[in-house]
Amino acid sequence: MAMLHTVNKSPFESNSFETCLGLAKSGSTVLLFEDGVYAATAGTSAADAISNANGITFAVLGPDAQARGIDGKLADGIKVVDYDGFVDLVAESDQVQAWL
Amino acid sequence: MSKKFMYLNRKAPYGTVYALESLEVVLIGAAFEQDVSLAFIGDGVYQLTKGQNTDGIGMKNFSPTYSALGDYDVNKIYVEKESLEERGLTLDDLQHLVWEDEDEDWAEKDSIRLVSRAELADVLDDQDVVLSF
């Protein structure tokens, strides 16, 4: 079953991202938005965790990364989506798990 | 007699309203001619990143306002080194904030002071009032 996980909190401020990674299965997608986008910044322990998570697709909401000035610093292998892309991910998934 | 006021900023911009509220209070407080300093620690360092563009999220980009602080004699901006490093950032990723020193023929000087956690602890200890955001 294709599951979409969404994370909107900074990995430094809350354990939502860490908990999400612990429970996300191979074949699922993790979308980072709002302050969650900071997890996708190269050079952080969160980005290391992303590169070690095999079989999980990671996406970042572009407008949120741009707002925070980190769009040029995203770690490799992370897909950037816009709001329409967010909707597509939801539509393609059987279930959405929001890690608040 | 003027007191030492520190505004301690610990939150990322946009996700919550703390960063914007802090900036508003700093600008209001600057009118009272106190000895004001700002500290950015933890996710607070994200407030100062350069290249912020909020066109896509429908929120006001308040980051250009930080560059006006120098004109309000707010020129002691402490950024904690460890917080930057944890986030994969360096000073180059932050805005270059400056102020003009009236006593030295308006020479332009850096406002940001990169300090270690231990150094910041001493700065904090030296304040009369700390306002936390």
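Predicted model: local features only at pLDDT ≥ 70, side-chain atom pairs only at ≥ 80, totals over all residues.
**Helix 2 of chain A**

Helix 2 covers residues 45-52 of chain A, and its buried residues are A:Ala46, A:Ala47 and A:Ile50. These sit on the same side of helix 2 of chain A because they cover an arc of only 100 degrees around the axis. Look at the other side of helix 2 of chain A and you'll find A:Asp48 and A:Asn52, both exposed. What do the buried residues of helix 2 of chain A pack against? Their partners are helix 1 and strand 3 of chain A.

**The sheet in chain A**

Chain A has an open sheet of five strands, ordered 4-3-2-1-5, with parallel pairing. Its edges are strand 4 (79-81) and strand 5 (95-99) of chain A, each of which pairs on one side only. On average, neighbouring strands of this sheet are turned by 25 degrees against each other, direction ignored.

Helix 1 (residues 16-23) of chain A packs on the sheet and touches strand 1 (3-7), strand 2 and strand 5 of chain A. Compare directions and helix 1 makes about 165 degrees with strand 1 of chain A.

Here are some of the strand pairings:

| Strands (chain A) | Sense | Bridges |
|---|---|---|
| Strand 1 and strand 5 | parallel | five bridges |
| Strand 1 and strand 2 | parallel | four bridges |
| Strand 2 and strand 3 | parallel | four bridges |

For strand 1 of chain A, burial is the rule, with four of its five residues buried. A:Val30 in turn has A:Phe58, in strand 3 of chain A, as a bridge partner.

**Core and chain contact**

The largest nonpolar core has 57 residues. Which of them touch the most other members? From chain A they are A:Leu31, A:Leu32, A:Val37, A:Ala40 and A:Val60, and from chain B they are B:Leu38 and B:Val79. Leaving out residues up to four places away in sequence, B:Val79 touches B:Phe40, B:Val45, B:Leu48, B:Leu84, B:Leu94, B:Ile112 and B:Leu114.

As for how the chains meet, the contact takes 20 residues from chain A and 19 residues from chain B. On the chain B side, the residues touching chain A split into six nonpolar, nine polar and four charged.

How values were computed
Residues numbered from 1 in each chain as written. Chains lettered and ligands numbered in written order. Pairing = 2+ DSSP bridges. Helix = DSSP H or I, 4+ residues; strand = E, 2+ residues; numbered from the N terminus. Axes fitted to C-alpha atoms, helices over the stretch in contact; angles between N-to-C directions. Contact = placed C-beta atoms within 7 Å. Nonpolar A, V, L, I, M, F, W, Y, C, P; charged D, E, K, R; others polar. Core = buried A, V, L, I, M, F, W, Y, C linked by C-beta atoms within 7 Å. Buried ≥ 20, exposed ≤ 12 C-beta atoms within 10 Å, placed from the backbone. Arc of directions from axis to C-beta.
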